Amino acid sequence: MARQQPPRPTGPAPLPAVQRLVVRYAKRGRMRFASHRDIARAVERGVRRAGLPVAHSAGFSPHPKISYSGGAPTGAASEAEFLEMSLTARLDPDTVRVRLDAALPDGIDVIEVADLAEAQPPRLEASEWKVVLPGVTPETAARAIEAFLATAHAEVDRLTSNGIRRLDTRAGVASLELDRRATAEGQLGCAILRMVVRHLTPAVRPEDILAAFRTMSGLEPSSPAVVTRLAQGPLGTDIAADGLDEAAITAEAPRPDGWDAAQGQVLATRLNAEAATMASTAPVSAYEQLPRGAERPDEAGCAREPDGRDRPDARDRATEQQRAS
């Protein structure tokens with residue numbers, strides 16, 4: 001008996017992709033609590049709303065050709081998320097940035113867009129994280145860091161869909177240090193950590209490192225830690241933590257080979273001067289963004305995190321959305 005051939009889709013074939021773009025975007029404010037799937041759905045809707053000619057796959061269920069690189073875990077903010085997008089018509093990258101940023105919801109902000117025909121794709125080998133520990137003194141955090149770095153292995157158990165999995169958090173940490181500026185600026189109610197974590201399989205997350213702290217040193221924040229990814233990039237170059245002086249943070253970081261400096265693509269970078277200014281003047285506390293039922297610590301001097309609602313571009317976007325509705 002002859003084997004039946006599966007039915008083939010009818011209708012015209014999808015248009016071919018003629019341009020590939022890489023997009024760097026930020027996940028801020030309450031969007032930190034959105035899952036990776038929620039972010040992907042928001043991006044697809046934003047692409048349609050912006051009228052971008054995104055390419056689609058063939059078959060009975062065409063999907064937009066958008067791929068994502070290692071999204072930040074749910075509950076963590078990020079200044080360096082990346083996606084690649086294929087278009088069926090060539091557009092200026094800056095035009096795509098403006099149109100897509102205006103179409104996305106508040107908290108998902110498009111920072112940079114580059115044409116992959118003119119630049120190499122980013123090598124995402126490690127991430128730099130900022131972790132705020134409410135209710136933990138710098139001295140206690142320093143002792144926990146010292147104990148963690150002194151050990152050869154720091155294994156923790158993580159619950160996955162396939163059961164309990166053990167991973168070595170020490171193997172994933174390239175550098176770990178205490179941000180002394182928190183004490184200098186009078187933020188005595190919390191400790192701030194800076195860490196560079198390698199991209200391993202399985203991935204080592206900041207929450208896993210904090211679990212190792214809890215096991216080894218009994219370090220326990222008074223409320224959930226506020227985690228922000230500051231950068232992604234190649235390990236051993238610009239991503240490595242090389243000091244916490246103000247000039248190193250506000251200065252523009254070198255760009256990987258193949259990226260056009262005129263376009264302003266920054267991969268292995270820390271927060272730029274604008275983001276640093278926002279962080280120091282943000283009117284909304286990070287603890288007001290916690291789920292209902294979470295208690296805010298008593299320490300009033302703890303670090304704050306912006307949610308973007310007071311930025312001029314956020315206000316303009318909200319006004320445009322209100323008029324459109």
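Predicted model: local features only at pLDDT ≥ 70, side-chain atom pairs only at ≥ 80, totals over all residues.

Biologist: How many of the residues of E4 are buried?

Modeller: A residue counts as buried when its relative accessible area is under 20%. By that cut-off E4 is mostly covered, and the number buried, out of eight residues, is seven.

Biologist: How many helices and strands does the chain have, and what share of its residues is buried?

Modeller: The chain has nine helices and 10 strands. It holds 325 residues, and the share of them that counts as buried is 45%.

Biologist: Among contacts with a separation of 6 or more, what share comes from residues 24 or more positions apart?

Modeller: A contact here means heavy atoms within 4.5 Å. Of the contacts in the chain with a separation of 6 or more, the share from residues 24 or more positions apart is 76%.

Biologist: What is the span of helix H1 from its first C-alpha to its last?

Modeller: H1 covers residues 36–50, which is 15 residues. At 1.5 Å a residue the expected span is 21 Å, and the span in the model is close to that, at 21 Å.

Biologist: Why do the buried residues of H1 line one face of the helix, and within what arc do they fall?

Modeller: The buried residues of H1 are Ile39, Ala40, Ala42, Val43, Gly46, Val47 and Ala50. An α-helix has 3.6 residues a turn, so residues three or four places apart point the same way. Seen down the axis of H1, the buried residues line one face because they fall within an arc of 165°.

Biologist: Which residues are exposed on the other side of H1, and which residue follows the helix?

Modeller: On the other side of H1, the exposed residues are Arg37, Arg45, Arg48 and Arg49. The helix is followed by a residue with a positive phi, near 70°, and that residue is Gly51.

Biologist: Is Asp94 buried, exposed or partly exposed?

Modeller: Asp94 is in helix H2. Its C-alpha atom is separated by 6.5 Å from that of Val113, 19 residues apart along the chain. Buried means under 20% relative accessible area and exposed means over 50%. The value for Asp94 is 43%, so Asp94 is partly exposed.

Biologist: Why is strand E9 described as largely enclosed, and how many of its residues are buried?

Modeller: E9 runs over residues 190–198 and has nine residues. It is largely enclosed by the rest of the structure because the number of its residues that are buried is eight.

Biologist: Which strands pair with E9 in the antiparallel sense?

Modeller: Nine bridges join E9 to a strand at residues 126–134, and in this pairing Arg198 is the partner of Ala126. Five bridges join E9 to a strand at residues 173–178, where Val197 is the partner of Val173.

Biologist: Which peptide bond is cis, with omega near -5°?

Modeller: The proline in question is found in the loop between E9 and H6. The cis bond runs from Thr201 to Pro202.

Biologist: Within what arc do the buried residues of H3 fall?

Modeller: In H3, the buried residues are Pro138, Ala141, Ala144, Ile145 and Phe148. On the other side of H3, Arg143, Glu146 and Ala150 are exposed. The buried residues line one face of the helix, as they fall within an arc of 125°.

Biologist: A search of the whole structure finds one aromatic pair; what kind of pair is it?

Modeller: The pair links Phe148 in helix H3 to Phe213 in helix H6, 65 residues apart. Phe148 and Phe213 are buried. Planes over 60 degrees apart count as edge-to-face. The ring centres of Phe148 and Phe213 are 5.5 Å apart and the planes are at 75°, so the pair is edge-to-face.

Key: Residues numbered from 1 in each chain as written. Heavy atoms only, no water. Helix = DSSP H or I, 4+ residues; strand = E, 2+ residues; numbered from the N terminus. Buried < 20%, exposed > 50% of the residue type's maximum accessible area, 1.4 Å probe, protein only. Phe/Tyr/Trp six-rings, centres within 6.5 Å; stacked < 30°, edge-to-face > 60°. Expected span 1.5 Å × (residues − 1). Arc of directions from axis to C-beta. Pairing = 2+ DSSP bridges.
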